[in-house]
Amino acid sequence: MKKAIIVLLVLLIVLVVALVVAVPAKKVQAGKADVVVTTFALYDIARHLLEQDAEVAMLIPFGRDVHTFEATPQDMIRVEKCRLFLYSGAGLEPWAEPFESFGNAKDMSRYVRLHEGGHAHHDEAAETHDDDHHGADPHYWLDIDNMIALVKASEQLFTSAFPGLDAGKLRERGAAYIKRLETLDTLYRKRLSGCGLDTIVVSHNAFGYLAERYGFHVEAVTGLSPDTMPNAKTMAQLTDTVREHGIKTLFYESFVSDKLVASLAAETGVRVDVLQPLANITADEIGADYFRLMNANLLKLHDALECR
């Protein structure tokens, strides 16, 4: 199976090269950078650091689930022709790994601290995660220290890829973004202290970095990959967890079906709400930045954990 996938990727690359030869090169506006990214956190950092000096685009359209996205030949052409392509890595976008051969692709997971495995509620989910994500939790942008590392790495990459840009402005914008991250971190620590509960239940185990940093536990219906299916034993254990901990809110994500969480909520008589893991945003969230969405998550966590 693995060999077949490799052969398929090679054939796709050959096809892309053929199409690249046939399609005229994209005209990049003079004096502007051209950056393509895969996930929302990378997009937000690039947009804030480069501002009007750059054209920054998401390869995965807003409103699409990162976990189920697959690149088309046109996407491969777009990546090959941009000046810099940044992808999250850690197994989140396995289709992007062959793009390294283009010479402009950067796996941003190399600049951050990764959790190995992460907590999945049941063994089957953990095994699926290991297979799908190379053993690391790819949702690392929910850790403020990792975000700061991404800002610093992006600043260096932009300076190197676009020597015509004002390096002083990039440093100023990077410092301002990091200051906002530090303020957000302080607010999270303050608002999530003195809580009555210490556990949340979510549909997809994407919040391990948040939980570790701010001292609470996550129980998930599925593992790190949202398309894994829990068994009856897992659902029974989660039902017991909700009742034993007195949990009153269960969380799901916009890109993941709420069917299982809704079923669990009906069984236990609690409410459901949406928690945003920020791999991508919905069409309704276009215009929001990392800070607005993280603050919205904080308000919901504060209420769910019954903090002071």
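C82 is buried, at a relative accessibility of 6%; here buried means under 20% relative accessible area, exposed means over 50%, and partly exposed lies in between (1.4 Å probe, protein chains only). The structure is a predicted model, in which local features need pLDDT of at least 70 and side-chain atom pairs count only at pLDDT 80 or more, whereas totals for chains, interfaces and linings use all residues. Residues are numbered from 1 along each chain as its sequence is written, and side-chain values use heavy atoms, with hydrogens and water left out.

**Disulfide**

A disulfide is taken as a pair of cysteine sulfur atoms within 2.5 Å, and by this rule the count comes to one. C195 is joined to C307, with an S to S distance of 1.9 Å. The link of C195 and C307 is right-handed, with 90 degrees about the S-S bond. C195 lies in the loop between helix 6 and strand 7 (199-202) and C307 in the segment after helix 10, so the pair ties together parts that are 112 residues apart in sequence. Helices (H or I, at least four residues) and strands (E, at least two) are DSSP runs, numbered from the N terminus. C195 is partly exposed, with a relative accessible area of 25%, whereas C307 is buried at 10%.

A nonpolar core is a set of buried Ala, Val, Leu, Ile, Met, Phe, Trp, Tyr and Cys residues joined through side-chain atoms within 4.5 Å. The largest such core has 79 residues, and those with the most contacts inside it are F85, F158, F216 and Y290. Apart from this core lies another, of 12 residues, among them V201, M235, V242 and L264. In soluble globular proteins, nonpolar side chains tend to be buried together.

Contact means heavy atoms within 4.5 Å. Leaving aside neighbours within four places in sequence, Y290 is in contact with residues including F40, D44, W141, Y177 and L278. F40 and D44 are among the buried residues of helix 2. Of the 11 residues of helix 2 (residues 40-50), 10 are buried, so this helix is largely enclosed by the rest of the structure.

**Aromatic pairs**

Rings of Phe, Tyr and Trp (its six-membered ring) pair if their centres lie within 6.5 Å; planes under 30 degrees apart count as stacked, over 60 as edge-to-face and the rest as tilted.

| Pair | Centre to centre | Angle between planes | Arrangement |
|---|---|---|---|
| W95 and F99 | 6.2 Å | 65 degrees | edge-to-face |
| Y188 and Y214 | 5.0 Å | 35 degrees | tilted |

A charge sits over a ring if NZ of Lys or CZ of Arg is within 6 Å of the ring centre and within 35 degrees of the ring normal. The charged end of R180 is placed in this way over the ring of F291, 3.9 Å from its centre.

T38, in the loop between strand 1 (33-37) and helix 2, is buried with a relative accessible area of 0%. The side chain of T38 makes a polar contact with that of E93 (2.6 Å). Beyond its neighbours within four places in sequence, T38 is in contact with residues including F85, Y87 and W95.

H139 is placed in the loop between strand 6 (136-137) and helix 5 (144-161) and is buried, at 0% relative accessibility. The side chain of H139 makes a polar contact with the side chain of H67 (3.4 Å).

**Positive phi angles**

Most residues other than glycine have a negative phi. E51, in the loop between helix 2 and strand 2 (54-58), has a positive phi of about 45 degrees although it is not a glycine. E306, in the segment after helix 10 (290-304), has a positive phi near 55 degrees. E51 counts as partly exposed at 41% relative accessibility, and E306 counts as partly exposed at 34%.

Note on methods. Polar contact = N/O pair within 3.5 Å; in protein donor to acceptor, adjacent residues only side chain to side chain.
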